[in-house]
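Student: I have a structure open and would like to learn how to read it. Where should I begin?

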Amino acid sequence: MTQSAVQKYLKKRLSKRHKKPGSVLSTKAVVRERRSSVMSMTVSDLNIKLEELESFKDSLSRQLADIRSKLVGEDQQLGQQLATVQATVTGIVATTANCIDMMQDREHFLHDKLAAEREKYRNLEILYQATNRENSELIENSTQVSGKL
């Protein structure tokens, strides 16, 4: 993702903020909006979001490396904290990727289970129709036999 794409994305996200970001109503609305949008996301949408996180992580890594190079040993503790921040962000992205993989596996499992249930339904429907035909034939034959008697 290019720098301009990231800027466009951030500008779009920031423009969606409510006029009173601290109010209870706006906070609840934001939470509700995020929940509904997350629930409607597909795995491919989540993979796109993961790519965005990866690009943000890369950008942050470059910025942290730039800050570390400018420190030149002046503040060793700050350099260690920057490394910790970078490791934390990397861990968050890796965990998110793992969650998406698990969701994908679950989605495939449920898809396969649904396909198996549909196949069972089709087979039962075929058996039901065959049984109805046999019953109809038996009833017809029994009425013909009783009519001859």
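Tutor: Begin with confidence, since this is a predicted model. Over residues 17-25 the pLDDT stays under 50, and for that stretch the model has seven contacts beyond four places in sequence.

Student: What does the chain as a whole average in pLDDT?

Tutor: The average is 77, and 69% of the residues score at least 70. By element, helix α2 (residues 24-39) has the lowest confidence, with a mean of 55, while α4 has the highest, at 88.

Student: How many helices and how many strands are there in the chain?

Tutor: The chain holds four helices and zero strands. Read from the N terminus on, the order of elements is α-α-α-α.

Student: Which residues make up the largest nonpolar core?

Tutor: The general idea is that in soluble globular proteins, nonpolar side chains tend to be buried together. In this model the largest nonpolar core has six residues, namely V43, L46, L50, V93, A97 and I100. Helices α3 (43-71) and α4 (76-148) each supply at least two residues of this core.

Student: What share of the residues in the chain is buried?

Tutor: Buried residues are 11% of the 149 in the chain. The accessible surface comes to about 12400 Å², and carbon and sulfur atoms account for 58% of that surface.

Student: Among contacts with a separation of 6 or more, what percentage joins residues 24 or more positions apart?

Tutor: Such pairs account for 61% of those contacts in the chain.

Student: Now a single helix. How far does α3 reach from its first C-alpha to its last?

Tutor: A helix can be checked by comparing its span with the expected one. Helix α3 has 29 residues and reaches 41 Å, close to the 42 Å expected at 1.5 Å a residue. Just after α3, V72 takes a positive phi of about 45 degrees.

Student: Which residues of α3 are buried?

Tutor: Among them are V43, L46 and L50, which also belong to the largest nonpolar core. The buried set in α3 also includes E52, S55, K57, S59 and S61, as well as L64 and L71.

Student: How many salt bridges does a search of the whole structure find?

Tutor: It finds five. One of them joins the side chains of K49 and E52, at 3.6 Å from N to O. These two residues are three apart in helix α3, so about one helical turn separates them.

Student: Which residue forms a salt bridge with K57?

Tutor: The partner is D58, and the closest N and O atoms are 4.0 Å apart. K57 has 16% relative accessibility, so it counts as buried. D58 is partly exposed, with a relative accessible area of 36%.

Student: What about E119 and R122: how far apart are N and O in their salt bridge?

Tutor: The distance is 3.2 Å. E119 and R122 both lie in helix α4, three residues apart, or about one turn of the helix. E119 has a relative accessible area of 39% and is partly exposed, and R122, at 45% relative accessibility, is also partly exposed.

Student: Which residues do salt bridges with shared partners join into one network?

Tutor: They are E54, K57 and D58.

Note on methods
Residues are numbered from 1 along each chain as its sequence is written. This is a predicted model: local features need pLDDT of at least 70, side-chain atom pairs count only at pLDDT 80 or more; totals for chains, interfaces and linings use all residues. Side-chain values use heavy atoms; hydrogens and water are left out. A nonpolar core is a set of buried Ala, Val, Leu, Ile, Met, Phe, Trp, Tyr and Cys residues joined through side-chain atoms within 4.5 Å. Buried means under 20% relative accessible area, exposed over 50%, partly exposed in between (1.4 Å probe, protein chains only). Contact means heavy atoms within 4.5 Å. Accessible areas come from the Shrake-Rupley method with a 1.4 Å probe; for residues, only the protein chains shown count as cover. pLDDT is the predictor's confidence in each residue, from 0 to 100. The expected span of a helix is 1.5 Å times one less than its number of residues.
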